[in-house]
Amino acid sequence: QVQLAESGGGLVQGGGSLRLSCAASGRTYSSYPMAWFRQAPGKEREFVAAISWSGSTYYADSVKGRFTISRDNAKNTVYLQMNSLKPEDTAVYYCAADDLWRNVVSHPHYWGQGTQVTVSS
């Protein structure tokens with residue numbers, strides 16, 4: 001069982017930066033692939049970025065080069081550094097986990113409650 005709690009959301013101007021954090025609990029956290037998803041108003045939830053237990057990363061094309069996912073297994077925390085933010089990045093951002101890589105990038109089993117990110121133009 002894995003519990004996830006996001007923090008770090010807020011309001012930022014276009015072109016600005018935010019760093020989201022996801023605190024995880026559970027004995028097998030360090031071996032789980034982790035991911036970030038987001039859901040904008042009126043839209044379906046979409047994949048943003050994922051990281052394997054060893055640090056390999058994968059990004060959606062829409063955020064590649066602007067967002068960076070990382071993890072600190074000693075702190076049981078995953079981060080999403082978001083730079084050059086755009087109004088279209090406005091969404092609720094969710095942390096997610098699964099024991100399989102193929103699941104964490106598509107339909108992860110464990111989800112956090114989400115944190116709101118709003119980018120003004």
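Which strand is the place of Met 34? Strand β4, which covers residues 34-39. Some notes on the rest follow.

1. Ground rules. This is a predicted model, in which local features need pLDDT of at least 70 and side-chain atom pairs count only at pLDDT 80 or more, while totals for chains, interfaces and linings use all residues. Residues are numbered from 1 along each chain as its sequence is written, and side-chain values use heavy atoms, with hydrogens and water left out.

2. Overall layout. In sequence order the pattern reads β-β-β-β-β-β-β-β-β-α-β-β.

3. Size. Along the principal axes, the C-alpha atoms fill a box of roughly 40 × 25 × 25 Å.

4. Packing and surface. Of the 121 residues, 45% are buried; buried means under 20% relative accessible area, exposed over 50%, and partly exposed in between (1.4 Å probe, protein chains only). Taking contacts (heavy atoms within 4.5 Å) with a separation of 6 or more, 58% come from residues 24 or more positions apart. The accessible surface is about 6300 Å², with 47% of it belonging to carbon and sulfur atoms; areas come from the Shrake-Rupley method with a 1.4 Å probe, and for residues only the protein chains shown count as cover.

5. Charges. I get 11 positive and 9 negative side chains, with the centres of the two sets 4 Å apart. Lys and Arg count as positive and Asp and Glu as negative, leaving out His and the chain ends; the charge is placed at NZ of Lys, CZ of Arg, CG of Asp or CD of Glu.

6. Strand β4. Met 34 has a relative accessible area of 0%, so it counts as buried. Arg 38 is in strand β4 too, and is buried at 6% relative accessibility. What does the side chain of Arg 38 make a polar contact with at 2.6 Å? The side chain of Glu 46. Another polar contact, of 2.9 Å, joins the side chains of Arg 38 and Tyr 93. (A polar contact is a pair of N or O atoms within 3.5 Å; within protein, one must be able to donate a hydrogen and the other to accept it, and residues adjacent in sequence count only if both atoms are side-chain atoms.) Beyond four places in sequence, Arg 38 is in contact with residues including Val 48, Phe 67 and Asp 89.

7. Thr 90. This residue sits in the loop between β8 (77-82) and β9 (91-97), and is buried at 18% relative accessibility. Its side chain reaches the backbone oxygen of Pro 87 at 2.9 Å, and a polar atom of that side chain lies 2.9 Å from the backbone nitrogen of Val 119. Leaving out residues up to four places away, Thr 90 touches Ala 40, Pro 41, Gln 116, Val 117, Thr 118 and Val 119. Met 34 and Thr 90 are 56 residues apart in sequence and 21 Å apart in space, C-alpha to C-alpha.

8. His 107. Look in the loop between α1 (101-104) and β10 (110-111). His 107 is exposed at 52%, and its side chain makes a polar contact of 2.8 Å with the side chain of Ser 106.

Definitions and conventions:
Helices (H or I, at least four residues) and strands (E, at least two) are DSSP runs, numbered from the N terminus.
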